[in-house]
Amino acid sequence: MNESLLLGCGNLGRIILDGFLSNSMKISVYEKNQKIQKTLKKLNKRNLEIIDNLDGLKDKTFKYILLCVKPIDSLSLIKEINTKISTKFIFVSFVAGLETKKISETLKKNKVIRMMPNILVEVGSSATGVYTKSPSKIFKKEISNNFSFFGFLEWLKEEEKMNFYTALYGGGPAYIFYFLEILNKISCKNGFSKKRSQLMVESLLHGTSKLIKNNSQNFSDIIEKVTSKGGTTEKAIEFMKKEKTYEKINNGIRKASVRSKNITKLLNLEKL
Ligand SMILES: NC(=O)c1ccc[n+]([C@@H]2O[C@H](COP(=O)([O-])OP(=O)(O)OC[C@H]3O[C@@H](n4cnc5c(N)ncnc54)[C@H](OP(=O)(O)O)[C@@H]3O)[C@@H](O)[C@H]2O)c1
């Protein structure tokens with residue numbers, strides 16, 4: 001695959017960069033933050049080039065230009081790219097809330113894709129939402145192949161769905177960690193050390209994901225299997241249901257989705 005250019009190498013960008021590097025794909029990185037720049041330069045990888053400024057790239061060809069900055073920094077950077085690079089490329093945006101239409105207003109002649117991964121790209125297990133306007137079968141196959149190291153891609157038919165996708169799956173690892181943190185705290189409060197609690201909660205997670213892999217049963221079947229009638233777990237689950245845990249989590253996801261929609265509105269009005 002031809003070289004790609006990564007714009008922004010913070011939390012997500014760094015994970016994506018590591019994926020490119022460990023798959024021996026050539027990549028250039030443009031990162032504003034001096035401290036991160038220094039760290040990247042120390043990596044000293046043959047397939048990595050650190051770019052200090054965007055001048056001098058006018059005729060350079062990139063297969064993908066990957067945008068991985070916060071929404072607030074995104075539009076000005078897209079405008080800068082448009083003036084600094086005149087060759088054709090495929091533009092991939094990871095920015096929450098930024099619509100493909102808004103990007104295309106500036107990068108008129110280039111194909112624009114929107115992706116919403118999560119930090120599980122680091123372990124090749126991100127269910128990544130992807131949207132682009134009217135993709136051909138061949139194009140979808142090419143993108144799925146080139147980004148297979150993310151995990152798997154979920155092609156969205158309507159861009160609108162990206163708000164929900166961002167809310168549930170973009171932030172998904174944080175919700176799982178939040179739940180694990182709750183279990184950890186409860187374990188500590190009940191007399192187990194921090195270290196042992198962490199170990200035991202981790203074993204719950206590892207074991208559960210192994211069980212999911214080994215069983216074709218759905219989640220509610222597994223819950224039923226571990227919940228004996230009249231037993232202790234049943235009591236806890238009954239209580240959680242009565243306390244409307246589902247509704248509370250659903251409302252949390254809804255809040256994230258609304259935030260994504262609001263970012264879109266602000267970006268469209270260029271008021272962020
Ligand atoms: N983190 C996640 O798990 C996740 C998941 C899905 C999607 N996303 C999306 O990915 C994007 C990046 O998120 P993040 O958490 O990685 O943010 P981040 O840690 O803030 O990383 C962005 C990096 O880009 C740099 N930057 C800002 N403006 C720049 C410019 N004009 N040129 C070059 N570099 C520039 C920032 O430097 P300064 O800090 O100095 O400004 C920062 O180092 C966001 O739009 C987010 O919606 C993130």
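1. Helix H1 (11-22) and helix H3 (71-84) each contribute at least two residues to the shell around the ligand; helices here are DSSP runs of H or I of at least four residues, numbered from the N terminus. H3 gives the largest share of that shell, three residues. The model is predicted: local features need pLDDT of at least 70 and side-chain atom pairs pLDDT 80 or more, while totals for chains, interfaces and linings use all residues. Residues are numbered from 1 along each chain as its sequence is written, and side-chain values use heavy atoms, without hydrogens and water.

2. The ligand is surrounded by 21 residues, of which the closest are Asn11, Leu12, Glu31, Val69 and Lys70 (a heavy atom within 4 Å).

3. A polar side-chain atom of Lys70 lies 2.9 Å from a ligand oxygen, a backbone N or O atom of Asn11 lies 3.0 Å from one, and a polar backbone atom of Ala96 lies 3.1 Å from one. Taken alone, the ligand exposes 880 Å², and the protein buries 80% of that (Shrake-Rupley method, 1.4 Å probe).

4. Ser197 belongs to helix H8 (residues 194-214). Ser197 is buried, with a relative accessible area of 0% (buried means under 20%, with a 1.4 Å probe and protein chains only). A polar atom of the Ser197 side chain lies 2.8 Å from the backbone oxygen of Ser193. Leaving aside neighbours within four places in sequence, Ser197 is in contact with Asn184, Ser187, Cys188 and Phe192 (heavy atoms within 4.5 Å).

Definitions and conventions:
Buried means under 20% relative accessible area, exposed over 50%, partly exposed in between (1.4 Å probe, protein chains only). A polar contact is a pair of N or O atoms within 3.5 Å; within protein, one must be able to donate a hydrogen and the other to accept it, and residues adjacent in sequence count only if both atoms are side-chain atoms.
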